[in-house]
Amino acid sequence: MAGRKRKLLAVAVAAAAAAPPEREVNKHKNETGVKLEVSPAQLKSSIQCENSAHIAEPERSHYFTQTEPQHRLGEDFFSQPCITLAKGFLGKVLVRRCADGTELRGRIVETEAYLGGEDRASHSAGGKRTERNTAMFMKPGTIYVYTIYGIYLCMNVSSEGEGAAVLLRSLEPLQGQPIMRQLRAARHKEGTRQLKDKELCNGPSKLCQALNIPRCFDRRDLASDPEVWLERDSHTSPAEPYYIVSAPRVGIESHGEWAKKPWRFYLRGHPCVSVVNKEAERQCRSGNVMNNLSSSDV
């Protein structure tokens, strides 16, 4: 038996010598200071995973992903003379993205041009620049929000020309009317009648209420702002073309001859226009100077 054990032991020793050495171990310390045994294979695998993590595309949360609007108007659109831009706004869609991602939309149906400089009815008349009207002197497409009567807001957009800007007067609600109605109702006493759709945005202060345009939007860039922008109309176009009426601006009667300048523009026959001027419409028709805004433009 002793001889057999010696023989088996010799075989085992020979096999051990012929077999590959046991894997080498590396000793590392973890964060607690305890030594850990890690094989070269494990270490190599860890390095490969670490490298692949740098190469792989980082994961992005879908909660913070915002897609760029396809029909958004950029800087080129706003770089126009004031009167041209005031007409160009008609038929375009103003979009307001709320904090929860909800989007409110309204088609612009009425504007007013304020040329600055010699225009005595403009906030920038005589080239006067103040803390209030700074946005009028900024690049075309800059939002100018100011307060009237101490409580109401109006939204303007700067154009080409020193101190020139366009006032947005009225919108046709297209999307988010229930929210617009709630925002408007918040400024009225309880028990008042429910507003019709055409009454939600038919005035410069009304549209600021309905789309929740705050004072802090002043001096923002309408071409790049993530919360408010302008789009080409992707909604159903009206079957009949509208015509642009040129009429005197509203609420500036104290400015003499400048109050008579026909620099208010609106879509004739549209129910959301704030103030209809029948005389201007008659003069436009008889003088054949009413501009055609076709369905493709609206």
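Strands β3 and β4 pair in the antiparallel sense over five bridges, where two strands count as paired if DSSP finds at least two bridges between them. The structure is a predicted model, in which local features need pLDDT of at least 70 and side-chain atom pairs count only at pLDDT 80 or more, whereas totals for chains, interfaces and linings use all residues. Residues are numbered from 1 along each chain as its sequence is written, and side-chain values use heavy atoms, with hydrogens and water left out.

The chain contains seven helices and eleven strands; these are DSSP runs numbered from the N terminus, with helices (H or I) of at least four residues and strands (E) of at least two. Contacts are defined by heavy atoms within 4.5 Å. Among contacts in the chain with a separation of 6 or more, 64% involve residues 24 or more positions apart. The chain exposes about 17600 Å², of which carbon and sulfur atoms supply 52%; accessible areas come from the Shrake-Rupley method with a 1.4 Å probe, and for residues only the protein chains shown count as cover.

Strand β3 (residues 93-97) is largely enclosed by the rest of the structure, because five of its five residues are buried. In a regular strand, side chains alternate between the two faces of the sheet. In β3, Val-93, Val-95 and Arg-97 point one way, while Leu-94 and Arg-96 point the other way. Towards β4, Arg-96 stands opposite Leu-104. The hairpin of β3 and β4 has five residues between the strands, and Gly-101 takes a positive phi near 95° there. Strand β3 also pairs with β8 (residues 228-231) in the antiparallel sense, over four bridges, and Val-93 stands opposite Glu-231 in β8.

A further set of pairings involves β10 (residues 264-267), in which Arg-264 and Tyr-266 point one way, Phe-265 and Leu-267 the other way, and all are buried. Strand β10 pairs with β4 in the antiparallel sense over three bridges, and is joined to β9 (residues 242-247) by four bridges, again antiparallel. Tyr-266 is the bridge partner of Glu-110 and also of Val-245.

Arg-169 lies in strand β7 and counts as buried, because its relative accessibility is 7%. Apart from neighbours within four places in sequence, the contacts of Arg-169 include Glu-110, Glu-112, Cys-201, Pro-204, Leu-207 and Arg-264.

The largest pocket holds about 690 Å³ of space. Of the 32 residues that line this pocket, the closest to its centre are Tyr-146, Ile-148, Tyr-149, Cys-154 and Pro-204. Two or more lining residues come from each of β4 (103-114), β5 (143-148), β6 (152-158), β7 (165-175) and α6 (204-210), with α6 giving the largest share, four residues. The lining divides into 14 nonpolar, twelve polar and six charged residues. A pocket is here an open set of points on a 1 Å grid over the protein atoms alone, where a 1.4 Å probe fits, with protein on both sides within 12 Å along at least five of seven lines; lining residues have an atom within 4 Å of a point. Grid points are joined across faces, edges and corners, and a volume is the space filled by probe spheres set on the points. Ala, Val, Leu, Ile, Met, Phe, Trp, Tyr, Cys and Pro count as nonpolar, Asp, Glu, Lys and Arg as charged, and the others, Gly among them, as polar.

Methods
Buried means under 20% relative accessible area, exposed over 50%, partly exposed in between (1.4 Å probe, protein chains only).
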